Amino acid sequence: DVRARFKAGDCQVTCVHIGCPSEPFTAPVLSRHLNRETHALREGARVEASEERVRREMEEEYREKLRKALMEDGAQRRVRDITEDILTLKCPRCRAAFLDFANCAALTCRSCNCGFCGYCLKNCGSDAHDHVPRCPVAREVGARLNMQFGMFPGSVEDWERFQKERQTDRVREVLGSLNAEERNKVTQLLQPLLQERRIHL
C-alpha cells in the first residue's frame, strides 16, 4: 500500500534517483510544486501518521503503566505470602497461627490437633516426637549456627534464633526466584517488617 509506505517513511518526499544524497524536500518546496489535490493528499497522510504515532505512544505508555501496576500488585501479593507463610508460624494442616512455645519442638495444633515439627513445620500426623530429633532442617541450621536443636531447644532465645535463621533462608529462596525488578520491589516493601524482625538479607 503506497499510502502506508509513505506514512511509514515519516511522510518524506525524496529524490526518485536511487542513492541520491540530497535531503528530503521541505514542506514549502513541496507546496510550490504539488497541485492542490496532491498536496491535500500529502497533508492528509501526514496528519494521519501524526495521529497514529501519538496513539501508539499513548498505547505504549498505557501498557507500561499496566505492566507496572500488575508488577506492583504481584509484589504486594508476594509480600503478603511471605508475611503469612514464612514470617508467621502456622500449623501445616489448618494454617492456624501459633505463638506460644512450651519448650518442646514437637508441637500440637490447638485448632486441629495436628502434630508437627516446630523446626521444618512438617505435618507428622498426630505426633511429631519421632521426627523432631531427626529433622534435617534442624540439623542443617544447627550446624551453620554451631548449635544443637533437638527435642528441647536450650532456651526461648535459642528457639527464636533458629526461627530467625530459618525465616531468613526461606525469604531468600523466594526472592531468589524473582526477576531483578520484582525482587527489588518486594524487598523494598518488606523492609519495615524485616527490620522489625531483625532479619538481614
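Biologist: Which residues in α4 meet which residues in α5?

Modeller: In this predicted model, the α4 side of the contact consists of Val137, Ala138, Glu140, Val141, Arg144 and Leu145, and the α5 side of Arg161, Phe162, Glu165, Arg166 and Asp169. By class, the contact of α4 with α5 has five nonpolar, six charged and no polar residues.

Biologist: How is the packing of α4 and α5 to be described?

Modeller: In general, the angle between the axes and the distance between the axes describe two packed helices. Here the axes of α4 and α5 lie 11 Å apart, at an angle of about 100 degrees. That angle makes α4 roughly perpendicular to α5, because angles of 65 to 115 degrees fall in that class.

Biologist: How many aromatic pairs does a search of the whole structure find?

Modeller: The search finds five aromatic pairs. In one of them, the ring centres of tyrosine 119 and phenylalanine 162 are 4.8 Å apart and the planes stand at 70 degrees, so the pair is edge-to-face; the cut-off for that class is over 60 degrees.

Biologist: Which parts of the chain does this pair link?

Modeller: The pair links distant parts of the chain, 43 residues apart. Tyrosine 119 lies in the loop between β2 (115-117) and α4 (136-145), and phenylalanine 162 in helix α5 (residues 156-176).

Biologist: Is tyrosine 119 buried or exposed?

Modeller: Tyrosine 119 counts as buried, because its relative accessibility is 1% and the cut-off is under 20%. Phenylalanine 162 is also buried, at 0% relative accessible area.

Biologist: Which residues form one aromatic cluster?

Modeller: Tyr119 and Phe162 form one aromatic cluster together with Phe149 and Trp159.

Technical notes
Residues numbered from 1 in each chain as written. Predicted model: local features only at pLDDT ≥ 70, side-chain atom pairs only at ≥ 80, totals over all residues. Heavy atoms only, no water. Phe/Tyr/Trp six-rings, centres within 6.5 Å; stacked < 30°, edge-to-face > 60°. Helix = DSSP H or I, 4+ residues; strand = E, 2+ residues; numbered from the N terminus. Buried < 20%, exposed > 50% of the residue type's maximum accessible area, 1.4 Å probe, protein only. Axes fitted to C-alpha atoms, helices over the stretch in contact; angles between N-to-C directions. Parallel < 35°, antiparallel > 145°, perpendicular 65-115°, else oblique. Contact = heavy atoms within 4.5 Å. Nonpolar A, V, L, I, M, F, W, Y, C, P; charged D, E, K, R; others polar.
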